[in-house]
Amino acid sequence: MHVRLLAATAVMAGCIALQAAVALLSALPGMFLLLAGIFICSFAFDRVTGIYAAVIATAAALVAVSRLYPEAPKAGTLVAFFGVGFALAMFADALRSALERARKVERDKDILFRELAHRMQNNLAVAVALLEQQSRSHASADTRAALANAGDRLRILAEGQRHLQPLGPGLVEMRGYLAQICDHLSGSLAAGRAIEFVFRLDAVAVDADKALALALITNELVTNALKYAFVGRNKGIITVALSQGAG
């Protein structure tokens, strides 16, 4: 508290000096810089500090009124000035409190969003593991292929959860997302072959639905390329490109 009061005293001293300089140079009366000092003290610290600044401003106003208007009634003027300063201090404190609450709500929302994304990713990973287990144990080749394909699609969805943007709920960062998909496909379908991936991916973030569609398209194209584009060859290059259009 003492530090705040000292800081408020320094702020108000500066405002008083500036107000005096303005009055001297322009010959115009006024106390607007004193009111600005009250607002700054209350907004930066708390209402008690703002009220303290209002007391200092009222004392400075008393000196100014006594010098400029020695015959003017001072009691009513000073009461009115302190009332304005007090109201300004309350307003600045309320504004600061509202901003702090808004920041807290935003932080809580971000934490909730991260937790939800993490739980969704874990649930999808469990579903992928169950599908893979069923795929390995089923006798029918067609059924195994269908289960494996379903598992791949769920894995892509899980990777999308991993790349959700923390600053934009519902947005997926595509560069890391597509690179992760290609890395998985390379490990499962290109084992033993020198298949090189070339990525030309802009740092693009799109909404989750579009991201999933782009990921599934990429998965199908890269899968087909790995299966059929290099028959009879042990090496090759696959280029994956994504750029953001001007529109």
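Arg96 and Asp93 are 3 residues apart in helix H4 and are therefore separated by about one helical turn; helices (H or I, at least four residues) and strands (E, at least two) are DSSP runs numbered from the N terminus. In this predicted model, local features need pLDDT of at least 70 and side-chain atom pairs count only at pLDDT 80 or more, whereas totals for chains, interfaces and linings use all residues. Residues are numbered from 1 along each chain as its sequence is written, and side-chain values use heavy atoms, with hydrogens and water left out.

The side chains of Arg96 and Asp93 form a salt bridge with an N to O distance of 2.3 Å, a salt bridge being a side-chain nitrogen of Lys or Arg within 4 Å of a carboxyl oxygen of Asp or Glu. Both Arg96 and Asp93 are buried, where buried means under 20% relative accessible area, exposed over 50%, and partly exposed in between (1.4 Å probe, protein chains only). A second salt bridge joins Arg96 to Glu100, at 3.3 Å from N to O. Arg96 and Glu100 both lie in helix H4, 4 residues apart, or about one turn of the helix. The relative accessible area of Arg96 is 12%, while Glu100 is partly exposed at 36%. Through salt bridges with shared partners, Arg47, Asp93, Arg96 and Glu100 belong to one network.

The whole structure contains 4 salt bridges. One of them pairs Arg4 with Asp46, the closest N and O atoms being 2.5 Å apart. This pair links distant parts of the chain, 42 residues apart: Arg4 is in helix H1 (residues 2–26), and Asp46 is in the loop between helix H2 (32–44) and helix H3 (47–68). Arg4 is partly exposed, at 35% relative accessibility, whereas Asp46 is buried, at 13%.

Helix H4 (residues 75–137) also holds Leu95, which is partly exposed with a relative accessible area of 32%. Phe91, Leu95 and Leu99 form a nonpolar surface patch with about 250 Å² of accessible area together. Patches are made of residues with over 30% relative accessible area and no salt bridge, like charges being joined within 9 Å and nonpolar side chains (Val, Leu, Ile, Met, Phe, Trp, Tyr) within 5 Å. Accessible areas come from the Shrake-Rupley method with a 1.4 Å probe; for residues, only the protein chains shown count as cover.

In helix H7 (residues 208–228), the buried residues are Ala211, Ala215, Thr218, Asn219, Val222, Thr223, Ala225 and Leu226. Seen down the axis of H7, these residues fall within an arc of 160 degrees, so they line one face of the helix; the arc is that of the directions from the helix axis to the C-beta atoms. Asp209, Lys210, Leu221 and Tyr228 are exposed on the other side of H7.

Arg175 lies in helix H6 (residues 174–189) and is partly exposed, with a relative accessible area of 42%. Beyond its neighbours within four places in sequence, Arg175 is in contact (heavy atoms within 4.5 Å) with Leu201, Asp202, Ala203 and Val204.

The protein chain comprises 7 helices and 4 strands, in the order α-α-α-α-α-β-α-β-β-α-β from the N terminus. Of its 247 residues, 32% are buried.
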